[in-house]
Amino acid sequence: GILQVSPGVPVQACYTDSLDAAGSQVERCESLSVIGGTDGSVEATVVVQPGDSVRVRVSDGDVNRDAGAIDAGAVTVVNTRTGERETVAVAEISPDAAVFYGALHTAGGSGPGGNDDGVLLALKSDDLRIEYDDALTASGIAAVRTDTTRTVQPFGDASGNGNVRGF
């Protein structure tokens, strides 16, 4: 029940209708072209401390549906220790760019917090897995693209500006 075809290869499917409305045998065919997409990618902040934001970048030409508008998509960030999940909206940086950015705020806590409440609870050494569902890859099938962010011990106010950040 599976036909493997490379993107761009035309396919013709036919069957023989042994008895049409006129009582005749007719071969019926339909042609189509298999399309392939582009392989998307996801990248995230390498390390984050509780109270900081995980910044996410998605590159995928298939999500760029309207060349004249800023398109949007989503990724999921999962704390692998607690299982807490947050959906993060990503928006195209400019029309027709096919590059999308988003951010998720974190907070210190042993969690899990509530799913999709806009804040991910994390502790030192937690791994945060960023998942992007690439619906159409170059091979024509869907795939989940991932990246990982590590939660670290707070660095303190290294810049002296009153903010504790992981940058």
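**Close-up 1. Antiparallel pairing of strands β10 and β11 in the predicted model**. Strand β10, which spans residues 127-134, runs antiparallel to β11, and the two strands are joined by eight bridges. Within this pairing, D127 has R150 of β11 as its bridge partner.

**Close-up 2. Parallel pairing of strands β4 and β11**. Strand β4, formed by residues 47-48, pairs with β11 in the parallel sense, and two bridges connect them. Here V47 stands opposite R150 in β11, the residue that is also the bridge partner of D127.

**Close-up 3. P154 in the segment that follows strand β11**. Strand β11 covers residues 143-151, and P154 is found in the segment after this strand. Between the C-alpha atoms of P154 and Y101 the separation is 24 Å, the two residues being 53 residues apart along the chain.

**Close-up 4. The disulfide between C14 and C29**. A search of the whole structure finds one disulfide, which is formed by C14 and C29 with their sulfur atoms 2.0 Å apart. Because the torsion about the S-S bond of C14 and C29 is about 115°, this disulfide is right-handed. C14 belongs to strand β1 (residues 10-17) and C29 to strand β2 (residues 26-33), so the pair ties together parts that are 15 residues apart in sequence. C14 counts as partly exposed at 37% relative accessibility, and C29 is likewise partly exposed, with a relative accessible area of 38%.

Definitions and conventions
Residues numbered from 1 in each chain as written. Predicted model: local features only at pLDDT ≥ 70, side-chain atom pairs only at ≥ 80, totals over all residues. Heavy atoms only, no water. Disulfide = S-S within 2.5 Å. Helix = DSSP H or I, 4+ residues; strand = E, 2+ residues; numbered from the N terminus. Buried < 20%, exposed > 50% of the residue type's maximum accessible area, 1.4 Å probe, protein only. Pairing = 2+ DSSP bridges.
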